[in-house]
Amino acid sequence: MKEGLARVLFGAAALISTLAVALICLFLFANGIPAMAQIGLPDFLFGTTWKPSADIYGIFPMIVGSIYVTAGAIIIGVPTGLLTAIFLSRFAGGRISSLLRSGVELLAGIPSVVYGFFGLMLVVPLIRELAPGRGLSLLAAAIILGIMVLPTIITVAKNALDAVPKAYYEGALALGATHERSVFRVVVPAAISGIMAAIVLGVGRAIGETMAVVMVAGNQAVIPTSIFEGVRTMTANIVLEMGYAADLHRGALIATGVVLFVFVLLICALFNAIKNRGERS
Amino acid sequence: MLEAVARTRDALMGAGGVEEALRGLRAERGQESASKMSVIGLDLHYGSFHVLKDVSLDFPERQVTALIGPSGCGKSTLLKTLDRMNDLVPDCRVEGLVTLDGQNAYEDIPVNSLRRRVGMVFQQPNPFPMSIYDNVAFGPRTHGVQDRAQLDGIVEQSLRDAAMWDEVKDRLRKSALGLSGGQQQRLCIARALAVKPEVLLLDESTSALDPISTAKIEELVGELKRSYTVIMVTHNMLQALRVSDKTAFFLLGEMVEAGPTEDIFTEPVDPRTADYVAGRFG
Amino acid sequence: MSSKVLRGLVYAGATITALILVGLVAFILVKGVPYLTPSLFAWEYTSENVSLMPALISTFLMAALALLLAVPTGIASAIYLVEYASETSRFVRLVRVTTETLQGIPSIIYGLFGLLFFTTLLGWGMSLLSGAFTLAVMVLPVIMRTTEEALLAVPRSYREGGFALGAGRVRTVFRCVLPSAAPGILGGALLALGRCVGEVAALLFTAGTVAQVPDFASQGVFALFDSCRTLAEHMYVLASEGLHVGEAYATAVVLLVVVMLLNVGTNAAVGRLNGRTKGDA
């Protein structure tokens with residue numbers, strides 16, 4: 001009796017996370033899709049004008065903005081992150097390695113508002129000094145996001161590198177390869193699926209980030225023509241206007257959330273595909 | 001013999017250098033045949049564990065030398081000392097002399113060129129997770145060969161030398177991980193040959209394989225000794241007897257006895273060698 | 001590329017990561033510590049003192065409530081997945097996939113969902129309760145995963161020991177398995193706490209930004225329906241208003257200190273877990 005009850009209770013608890021995903025999908029789609037229909041899907045997705053005061057809701061600049069900012073973050077974050085992961089996995093000695101590892105853990109724990117504020121107070125003024133524009137820009141957002149994806153990329157890539165069998169490395173050394181060549185030509189390629197997974201997770205983190213981006217990106221709902229111009233992401237669009245939006249405007253913001261959600265689901269699926277392929281080989 | 005070693009050490013301390021010390025040692029033993037590699041008065045510690053105790057041994061050129069003995073006797077460690085793979089072991093301390101062509105392998109030869117000249121095939125086949133071609137081409141590329149035609153030639157020749165060209169010539173671009181265990185091990189031999197080594201170290205390279213693959217590799221080793229000096233560690237007495245020209249027997253970190261393989265197996269001098277050899281056969 | 005160049009790149013990557021970490025922390029500390037004045041910790045918030053105390057207390061309430069909801073649910077789910085369900089069952093696979101999805105969802109989407117569901121549909125308004133439930137859904141996958149890992153690390157012999165004494169499954173789980181998994185579960189809870197403390201996007205439209213502590217003294221449980229702001233939200237408001245930059249730095253210092261303490265706690269907990277399971281293995 002007691003055992004049966006416990007099983008039911010535990011099972012019900014396990015159902016909650018699934019239920020949550022279902023509810024999130026349901027509420028987003030139920031509120032977003034009617035708005036999309038009313039605006040017209042092509043106008044909504046590919047319209048380049050976002051002007052709530054005139055009831056014009058085209059989120060193309062925001063989609064492009066999210067992609068630009070994410071790409072910038074990856075360009076900045078991936079090389080630094082991978083090299084750091086390689087350092088931690090194959091170059092660093094015990095003390096330095098553990099020190100840097102706790103540093104990376106700290107980076108992972110720092111709230112995004114703190115990153116955003118740091119960007120606003122240091123990165124933005126620096127860009128304003130050195131380049132045209134107000135400093136609030138695609139570049140600033142890319143730099144801050146590039147920093148924010150570091151812990152994800154470092155941790156996941158390091159785990160992948162650590163899991164490469166020792167025999168590969170020794171085999172390369174035995175052929176007279178240097179430590180560096182053995183690592184870069186044998187160990188890193190052997191860890192490639194884990195490294196790809198790290199990058200995809202970084203993409204997911206960057207595209208979903210909201211507060212840090214809002215604080216440094218300038219948020220103009222226009223497709224930027226240079227990295228020194230402002231940019232608005234999908235996340236920023238929601239957070240900036242949700243506070244006062246009503247009716248179709250509100251629906252359009254939730255629909256923006258739907259598009260973002262679809263992006264995230266695609267990234268999730270990509271991540272799983274890479275992981276499964278890695279496990280099979 | 002011990003005296004000779006002591007004198008060798010003295011000579012090393014003095015101004016004579018390695019060449020002279022070796023010459024002295026060989027004269028003492030009445031050896032004429034050239035040694036490709038030698039270890040002289042080798043002591044090796046892992047931390048406080050004394051793994052090899054005052055080992056001296058010559059590896060004759062273009063012959064197969066087998067290192068035998070029970071597990072933990074230090075024979076694999078000795079093998080790894082020859083291409084400095086022991087450098088990877090923390091707390092590993094090597095004293096004494098290892099020579100390649102009369103040069104001090106630890107001081108006169110940069111470690112990467114030592115490892116190019118002294119190739120190694122491990123106990124477990126360890127092909128890289130890349131294509132068969134790239135596996136074999138890895139070594140030459142490492143040492144600066146970029147030319148496509150030249151690489152193709154090296155890959156083909158190495159695979160032929162490892163007696164597997166016909167098996168894999170149609171799937172050079174396929175992953176090496178799709179090969180059978182025996183094929184993987186021969187691929188590793190081909191990969192080692194591709195850098196044109198002078199010495200080939202085989203660390204129980206057939207112990208993870210089935211009898212047919214083992215036979216193929218033994219046959220291959222017989223071929224290889226025409227051009228290479230082969231040093232192999234084996235647990236398999238019969239294998240040592242079948243393949244090797246010279247055998248050294250190790251026990252608890254000491255080299256008990258070394259000599260022509262036939263002598264070691266038929267009329268060993270040391271009773272411990274006799275016990276081991278007989279025990280394994282009986 | 002030559003080995004020296006490769007090694008240089010690796011060291012450069014690691015150095016950049018280290019410099020970013022040190023630079024960020026130093027920048028915030030140098031700018032913020034001078035503003036850590038007693039008035040910043042006054043009990044009442046006014047537009048002059050911009051005290052962070054109400055936000056700090058609200059953060060504590062919000063996070064405590066969220067964990068109160070998420071930790072038992074997460075532990076119960078993990079128990080079901082590890083101790084009851086068979087690894088290959090469809091239900092388990094479904095739960096795993098949805099939990100992974102939940103983990104990848106950006107916090108702004110949680111914010112939208114919370115707004116649509118808790119705030120609007122359930123009529124809780126912008127409140128402590130809406131915010132805490134939203135956070136609870138958000139950190140649930142974190143707790144599920146860490147608990148699962150902690151349970152899986154418990155040696156099988158513990159369970160066999162329990163069963164051998166004739167204990168039922170429930171008793172075995174609670175008496176033999178959970179205690180030795182406790183440090184890992186604690187680590188997961190601290191990780192979740194860190195996310196609650198740093199979250200903004202999920203709270204702006206669910207908890208609101210009122211700078212008062214919900215007044216439980218006079219309203220009793222109805223104070224749960226009061227809006228309040230957490231420390232991270234407080235910092236975002238200060239930073240975006242731009243009127244109290246010094247205080248924003250100081251708030252960032254407090255956030256950083258909290259995050260560091262949580263990191264130390266997590267590491268200590270995980271360290272103890274490893275020590276235990278290794279000692280027994």
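In chain B, strand β9 (residues 246–251) runs antiparallel to β10(B), and six bridges join the two. Strands here are DSSP runs of E at least two residues long, helices are runs of H or I of at least four, and both are numbered from the N terminus. Two strands pair if DSSP finds at least two bridges between them. K246(B), for one, has P260(B) in β10(B) as its bridge partner. Helix α8 (residues 181–193) of chain B packs on the sheet, where it touches β6 and β7 (199–203) of chain B. The direction of α8 makes about 170 degrees with that of β6(B). Axes are lines fitted to C-alpha atoms, for helices over the stretch in contact, and angles run from 0 to 180 degrees between N-to-C directions.

A word on the model itself: it is predicted, so to speak of local features takes pLDDT of at least 70 and side-chain atom pairs count only at pLDDT 80 or more, while totals for chains, interfaces and linings use all residues. Residues are numbered from 1 along each chain as its sequence is written, and chains are lettered from A and ligands numbered from 1 in the order in which they are written.

The sheet that holds β9(B) and β10(B) is open, with six strands in the order β6-β7-β8-β3-β9-β10 (chain B) and mixed pairing. At its edges stand β6 (118–121) and β10 (254–260) of chain B; each has a single partner strand, so one side of each is left without a neighbour in the sheet. From one strand to the next, the twist averages 15 degrees.

Chain B also has an open sheet of four strands, ordered β2-β1-β4-β5 (chain B), and here the pairing is antiparallel. The edge places go to β2 (49–60) and β5 (103–104) of chain B, each with a single partner strand, so one side of each lacks a neighbour in the sheet. Strand β4 (residues 92–100) of chain B is joined to β5(B) by two bridges, with the strands antiparallel. Within that pair, L100(B) stands opposite Q103(B) in β5(B).

Taken as a whole, chain B has twelve helices and ten strands. Of its 282 residues, 47% count as buried; a residue is buried if 20 or more other C-beta atoms lie within 10 Å of its own, exposed if 12 or fewer, and partly exposed in between, with C-beta atoms placed from the backbone. Among contacts in chain B between residues at least 6 apart in sequence, 68% join residues at least 24 apart. Two residues are in contact if their C-beta atoms, placed from the backbone, lie within 7 Å.

On to how the chains meet. Two pairs of chains touch, and the most contacts are between chains A and C. Chains B and C do not touch, their nearest C-alpha atoms being 10 Å apart. Where chain B meets chain A, the contact takes 22 residues from chain B and 15 residues from chain A. The elements giving two or more residues to the chain B side are α4 (111–117), β6, α5 (132–142) and α8 of chain B. Of these, α4(B) gives the most, with four residues. By class, this side of chain B has ten nonpolar, eight polar and four charged residues. Ala, Val, Leu, Ile, Met, Phe, Trp, Tyr, Cys and Pro count as nonpolar, Asp, Glu, Lys and Arg as charged, and the others, Gly among them, as polar.

The contact of α3(A) with α6(A) has nine nonpolar, three polar and no charged residues.

I76(A), found in helix α3 of chain A, counts as buried because it has 20 C-beta neighbours inside 10 Å. Leaving aside neighbours within four places in sequence, I76(A) is in contact with A142(A), I143(A) and G146(A). The C-alpha atoms of I76(A) and L150(A) are separated by 9.3 Å, though the two residues are 74 apart along the chain.
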